Amino acid sequence: MTLTFSVADLTIHRIIEQETTFLPALEMFPELPPEVLAAERSALRAAQALDAQDTLILCFQSYVVKTPHHTILIDSCIGNDKPRARPVWNMKTDDSYMRALAAAGLSVDDIDVVMCTHLHTDHVGWNTRLDNDRWVPTFPNARYVIAQREYDYWVAQNAKAEVPAFADSVLPVVDANRADIVSDQFAIGDHVRLLPTPGHTPGHVAVAIGRGRDDAVFSGDLIHSPLQLCYPELSPKFDVDAAQAAVTRREFLDRYCDTPTLCCTAHFPSPSVGRIKRKGTGFACEAV
Ligand SMILES: [Zn+2]
């Protein structure tokens with residue numbers, strides 16, 4: 001399995017925590033017509049994006065990007081010891097994530113910046129780890145970058161009813177003065193930029209990396225499954241604003257289609273990374 005990619009002056013590592021069945025396709029995508037699923041079934045199965053029961057297979061992973069100046073972790077995945085509704089995420093104690101980090105030749109001390117595309121459970125989990133019954137930042141030398149609009153949205157949600165992932169994986173980082181709550185114009189030197197991509201959540205951002213051009217882009221949850229390449233209008237039930245998410249998804253795919261930019265998806269099954277090509281009225285992701 002390909003876990004490391006090089007493009008221009010960047011090295012990109014995939015840090016996989018889980019790659020497993022998620023939800024039935026028809027449940028994940030409430031607007032998915034059964035005949036569309038039927039038409040795509042064999043291609044999705046061949047891509048290992050769908051199992052024999054029509055359940056979607058997703059990868060849950062972080063990316064680490066080494067630029068000439070920084071080591072940047074994008075989205076910190078699921079995490080351990082956290083009370084979660086989903087059984088395979090609940091109070092887990094395995095070492096898959098830390099082993100994957102070590103296999104990439106990295107330790108938690110090496111990460112300079114943690115960037116959050118958005119603040120859902122499976123993107124912030126390893127922001128913190130349990131230490132003597134307290135949540136502490138997992139990456140002791142890192143600044144944690146969160147978009148202002150996204151942060152404000154979850155502050156408001158958490159005020160109505162506690163959001164576990166926000167309470168145990170975001171607020172402790174803020175309280176430890178490790179967070180940078182940033183505008184959409186945030187950049188790190190000439191290598192790292194945010195691309196506002198609202199819809200899945202109100203402040204969702206993609207992260208574009210490369211000197212003066214987008215050598216790679218990290219799409220977060222603006223897209224979940226290769227099925228949405230063929231049908232970009234399909235929004236999963238988790239999208240806060242499904243109509244906006246559909247517009248954002250097509251704009252993103254149009255922007256990067258037939259360009260050299262390496263598209264690093266959060267949840268596509270392995271290899272998860274490829275280049276976007278036009279295919280019919282939709283798109284395809286060509287492995288590299
Ligand atoms: Zn996700």
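Two strands pair if DSSP finds at least two bridges between them. Helices (H or I, at least four residues) and strands (E, at least two) are DSSP runs, numbered from the N terminus. Keep those in mind.

This is a predicted model: local features need pLDDT of at least 70, side-chain atom pairs count only at pLDDT 80 or more, and totals for chains, interfaces and linings use all residues. Residue numbers start from 1 along each chain, as its sequence is written.

Start with the sheet. It is open and has 7 strands, in the order S1-S2-S3-S4-S5-S8-S9, with mixed pairing. At the edges sit S1 (4-7) and S9 (179-182), each pairing on one side only. On average, neighbouring strands are turned by 25° against each other, direction ignored. Axes here are lines fitted to C-alpha atoms, for helices over the stretch in contact; angles run from 0 to 180 degrees between N-to-C directions.

Now one pair. S3 (residues 55-66) and S4 (residues 71-74) run antiparallel, joined by 4 bridges. Valine 65 stands opposite isoleucine 72 in S4.

Next, the helices. H5 (residues 148-160) lies across S8 (143-147) and S9, at about 80° to S8. Contact means C-beta atoms, placed from the backbone, within 7 Å.

Which residues of H3 (residues 96-103) are buried? Tyr97, Ala100 and Leu101. Buried means 20 or more other C-beta atoms within 10 Å of a residue's own, with C-beta atoms placed from the backbone. These three cover an arc of only 100° around the axis, which puts them on the same side of H3. That arc is taken from the directions from helix axis to C-beta atoms. The buried residues of H3 pack against S2 (10-24). After H3 comes glycine 105, with a positive phi near 80°.

Definitions and conventions: Contact = placed C-beta atoms within 7 Å. Buried ≥ 20, exposed ≤ 12 C-beta atoms within 10 Å, placed from the backbone.
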